[in-house]
Amino acid sequence: DLETLSLKFDDPKRGGLKTAARYSFLRSTLVPRATWPKRVRAFAETWETLKRERGLVDFDDMLDLALEETTCAPGRPRTFYLDECQDHSPTDLRLALHRARECERLVLVGDMDPCIFGFRGADASFFLEVPEARRRVLSRSWRLPRKVHAYAVDWISRVRRRVAVEYRPRHFEGEVRYLGAHYKYPERIVEEV
């Protein structure tokens, strides 16, 4: 399996799957294979041979297969909406644009602030290139209460390279608390629920 294979390429004392993660990142960002580090190319050759022998595909393979085997969006819609586009890697975007090519209109929907898939090559900086006249900003959040909104706006305003947008919170005060929880230790959150 992937973890066993990765241990052949990674120092287990420093944590496994680093080479596998780098391989996936380089694939999803469309970096030419000839420029990959030697270790990653060796991993790729071994991993891809193993997949072929066992008739398996990984996530990146699924995207490549969808690009090869489809022509346009199902049902041939006139408008193609790509939601959460800030979290799409170059490979994801390539597939979406391929599927949208016969549509009359392409609408990219997203928010550059919560870009969370950088580990797969997502980069929301393309929002900086969108002319202001082409942007549509939703003016109200229907989720964020006032105190959470104020905290979030204060926190994100420290990021310099972003498109600043204004929006109103929902009509509810809410609260902001520090729980000291961590994704590895979620007990504090569970205790609060």
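Before going on, the ground rules. This is a predicted model, in which local features need pLDDT of at least 70 and side-chain atom pairs count only at pLDDT 80 or more, while totals for chains, interfaces and linings use all residues. Residues are numbered from 1 along each chain as its sequence is written, and side-chain values use heavy atoms, with hydrogens and water left out. Helices (H or I, at least four residues) and strands (E, at least two) are DSSP runs, numbered from the N terminus.

Now the strands. E1 and E2 run parallel and are joined by four bridges; two strands pair if DSSP finds at least two bridges between them. Tyrosine 81 stands opposite valine 107 in E2. E1 has two faces: Phe80 and Leu82 are on the covered one, and Thr79 and Tyr81 are on the uncovered one.

How are E1, H5 and E2 put together? They make a right-handed β-α-β unit. Right-handed here means that, with the strands pointing away from the viewer, the path from the first strand over the helix to the second runs clockwise.

In the loop between E1 and H5 we find glutamate 84. Its phi is near 55 degrees, a positive value in a residue other than glycine. Most residues other than glycine have a negative phi. Glutamate 84 is partly exposed, at a relative accessible area of 42%. The cut-offs are under 20% relative accessible area for buried, over 50% for exposed, and partly exposed in between, with a 1.4 Å probe and protein chains only.

On to helix H5, residues 90-100. The buried residues there are Thr91, Asp92, Leu95, Ala96, His98, Arg99 and Ala100. What do they pack against? The partners are H2, helix H4 (59-69), strand E1 (79-82) and strand E2 (105-108). Contact, throughout, means heavy atoms within 4.5 Å.

Threonine 91 has a relative accessible area of 2%, so it is buried. Leaving aside neighbours within four places in sequence, threonine 91 is in contact with Arg27, Ser28, Thr29, Leu30, Leu63 and Asp64.

Leucine 95, also in helix H5, is buried because its relative accessible area is 13%. With the neighbours within four places again left aside, leucine 95 has contacts with Leu63, Ala66, Leu67 and Thr70. For a sense of distance, leucine 95 and serine 157 are 62 residues apart in sequence and 33 Å apart in space, C-alpha to C-alpha.

Arginine 94 is in helix H5 too. Is arginine 94 buried or partly exposed? Its relative accessible area is 32%, so arginine 94 is partly exposed. Beyond its neighbours within four places in sequence, arginine 94 is in contact with Leu30, Asp64 and Leu67. Arginine 94 and leucine 63 are 31 residues apart in sequence, and their C-alpha atoms are 9.3 Å apart in space.

That brings up leucine 30, in the loop between H2 and H3. Phi of leucine 30 is near 60 degrees, again a positive value in a residue other than glycine. At a relative accessible area of 38%, leucine 30 is partly exposed.

What about the helices on either side of that loop? Helix H2 (residues 18-28) and helix H3 (residues 38-54) pack at an angle of about 90 degrees, with axes 10 Å apart. Axes are lines fitted to C-alpha atoms, for helices over the stretch in contact, and angles run from 0 to 180 degrees between N-to-C directions. H2 and H3 are therefore roughly perpendicular to each other; that term covers 65 to 115 degrees, with under 35 roughly parallel, over 145 roughly antiparallel and the rest oblique.

From H2, the contact is made by Thr19, Ala20, Arg22, Tyr23, Leu26 and Arg27. H3 brings Arg39, Val40, Phe43, Ala44, Trp47, Glu48 and Lys51. By class, this contact has seven nonpolar, one polar and five charged residues. Ala, Val, Leu, Ile, Met, Phe, Trp, Tyr, Cys and Pro count as nonpolar, Asp, Glu, Lys and Arg as charged, and the others, Gly among them, as polar.

Last, a residue from another part of the chain. Glutamate 175 is in the loop between helix H6 (146-156) and helix H7 (187-192). Its relative accessibility is 52%, so glutamate 175 counts as exposed. Not counting residues up to four places away in sequence, glutamate 175 touches Lys147 and Val148. Glutamate 175 and proline 145 are 30 residues apart along the chain, and 7.8 Å separates their C-alpha atoms.
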